[in-house]
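Visitor: Please take me through one part of this model in close detail. I would like to see how it sits among its neighbours.

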Amino acid sequence: MSVIKQKEFAVILFVIPLLFILFNYYTGIAGPAATELINWGAYLWNFSMIIGTYSMFRKHLMTITEKKKDWIYSVIMFASFFIYFGTSYLHQGAFQWILDYVQNPIMLTIWVGAFTTFTMLFRGAKTRNWLGILLLASSILTVLRMAPIGEAIWPGFSVIGLWLNNVPNIAVMRAITIGMGIGLLATMVREILGKETHYLGE
Amino acid sequence: MSDMIGDLVFVAIIIGIWTIFYRENAVYKAISSSSVGLMLAFWLKGGFDTIYKDVFKPALFDMNLARMAVLVLGLMIFLRFYQSLAFASKWPIAILAGVGTAIASKGAVSAMILNQIAAGPFFTADILTNINNILIWVGAIATTVYFLFSFERGPILNTISRIGQVYMMLAFGVTFGMAVYGSSVLTQMNFLLKSPGYYVTIIAIIIIVADIVMRSRKQKPESATTS
Amino acid sequence: MSTNKLFHLSPEVQDSIVYLLVMVLSGLPILYPLGLPLKINESTTTFYNTLNELPDGTVILWNEGYMVSSYVSGSEIAFYRMFFDLMRDKDVKVIFISSCVDGPLGGAMIEQMLKYGVDKTDTTYGVDYVNLGWLPGFEAVLAAIAQDIQSVTTADAYGTPISSIPVMQGLTTEDIALFGFSCGVSVDPWMRQWGPLNKPILMFGGEQLIAQAMSYIQAGTVDAYLNGGRGNAEFEKLYGYYTLQTATMDATNLISVYGIVLILLSNLMFRKRGVQK
């Protein structure tokens, strides 16, 4: 099998820009080249987005041609795509109108997190032990610190809530951040050694 | 006039999405399908504009070699559709992954590790600050012990892990509390309850109530015949 | 079939009541405001003072990345207006850019603010401020900004080559004295890319995000922050310009109390079922 067809060749192409950028970062040598490589990351990401869009289109096109369940919604998807994409280049006014009055309410509302949070509170916020009670007490005190009504009921809520935010929260976030940083470096080492090749789809 | 129509459409879309809480319906499905198309179009427009402005033009009109190279690499991604050349489509992905990993890792050492370790003096003029900083470090170490030492712990490690658990419950309570505080539909309700949105709101309520009544009447004769 | 009935109501009906109460309690203060006073926290005052005390001629880079609710409610208008006050009073220069992970909405929001939200009297585009628009790539863009601001893009949001924009001519990343960003996702990318620059960083983010970012704030990587919707409302009070954000602060009171009541109710019901068993 030819060398360039092997997985290891792709791993080398992964490692070289990685080491080059790190080399520049720590030595300051070859700055313009490293800057260009960093920008390549953004541009290549755009191209890969086009592939993602094609995959999505292919899936919906098959749904339409094979008249699968709910195929009409795939038609709606295509229609909204082409209208929006077309107006973005041909009619700026219409594009802005769709952005302001169609896309914005959809993006604002489609993630119904507010409602699911409250049903989760109603169904799932049950404590089985004292640690759970601590969690809920901390969350209640935080809510009372953030909402002006908390201060109106008792100014102490603000003091306690702030302390919770500034001491235990910082302590845990610090530990998690350090852990994440070490994890990032460990993953980088594994990737350089070729142990992780998830980016190749394996 | 177009703003009024826009406002009515705005509110209609919000209510259309919220009908999912009543029952699954065609309006919600249509809106969620169109949201996919709109987002794709939005992203693709931004992507195409950037590729044209920062890759295509410099590569083909300014003869910028670096941008020519990235244009070739970007087009190579499409080789995945050709069986014999599909191997080459992984090269630009590998480069992209390498650049991304380098970008994430280079700042991780100073911002995520060193700055965090160096933070918090223990000896300041304010004794409360000193106590708080000590408590922060106790909590950070205890939390790290909890995560790192996942094998069977002895009495000392167990105690330290327990302290870490206490800190974590307080910290996750803060995050949870922030999530509860930040969860609301205030912005949407502002549009639903003010002019001209409340016309759409009233019509929507009438439609939903009528649907509830019609469905309950349909169910009653069925239950009468089965009994 | 679920046996989780409460007062002879099925779980589906219970959920519907929960949803309905969310809508009602969100909407009620919009119709009948409570008017509770809003105390300004130290974090907001620090954010405001950091901007207010900038030396003349400072170059600021503002990265717009907040969620769609900010676009709709215009909650960031107050500090955009303050940027323009600083341009007029202190010859401050501002570079607007977006690498928002939500997509081009960040760029659209900058355009919206610049078109309708701010007072551009006595300021000149290209001389006092520039809009570089939305650039895809998220952390890659942040890294490019940290590496070399000139390399980030070849033209601004309107297609003008940056080489012909006065404020960008000869500008390096070193010249940027203050970085600011609004974000709706994890704060780590900004900290990784801009933290090592050792420049002042201002941040505006959602409440959960600020909780996550507290370790960076305490470490001094972030100099000042606005804590979500409340922080925004406090800033508006300090600055003296009010938007929907301030108007909705009242509603957060009822919704917050509702959340606490649900937590307590959930636990009471759980204990009651446990006792009955």
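Guide: Here is a close look at one helix and the contact around it. Keep in mind that the model is predicted. Our part is helix 3 of chain A, residues 71-90.

Start with its length. Helix 3 of chain A has 20 residues, and at 1.5 Å a residue they should span 28 Å. The C-alpha atoms at its ends are 28 Å apart, so the two values agree.

Now look at which residues are buried. In helix 3 of chain A these are Y73(A), S74(A), I76(A), M77(A), S80(A), F81(A), Y84(A) and S88(A). They cover an arc of only 155° around the axis, so they lie on the same side of helix 3 of chain A. An α-helix has 3.6 residues a turn, so residues three or four places apart point the same way.

Turn to the other face. Away from the buried side, helix 3 of chain A carries the exposed residues F82(A), Y89(A) and L90(A).

What covers the buried residues? The cover includes helix 2 and helix 4 of chain A. It also includes helix 2 (26-60) of chain B.

That brings us to the contact between the chains. It takes 89 residues from chain A and 84 residues from chain B. Helix 3 is among the elements of chain A that give two or more residues to this side. Helix 9 of chain A gives the largest share, 18 residues. By type, the chain A side divides into 64 nonpolar, 19 polar and six charged residues.

Definitions and conventions
Residues are numbered from 1 along each chain as its sequence is written. Chains are lettered from A and ligands numbered from 1 in the order in which they are written. This is a predicted model: local features need pLDDT of at least 70, side-chain atom pairs count only at pLDDT 80 or more; totals for chains, interfaces and linings use all residues. Two residues are in contact if their C-beta atoms, placed from the backbone, lie within 7 Å. Helices (H or I, at least four residues) and strands (E, at least two) are DSSP runs, numbered from the N terminus. Ala, Val, Leu, Ile, Met, Phe, Trp, Tyr, Cys and Pro count as nonpolar, Asp, Glu, Lys and Arg as charged, and the others, Gly among them, as polar. The expected span of a helix is 1.5 Å times one less than its number of residues. A residue is buried if 20 or more other C-beta atoms lie within 10 Å of its own, exposed if 12 or fewer, and partly exposed in between; C-beta atoms are placed from the backbone. The arc is that of the directions from the helix axis to the C-beta atoms.
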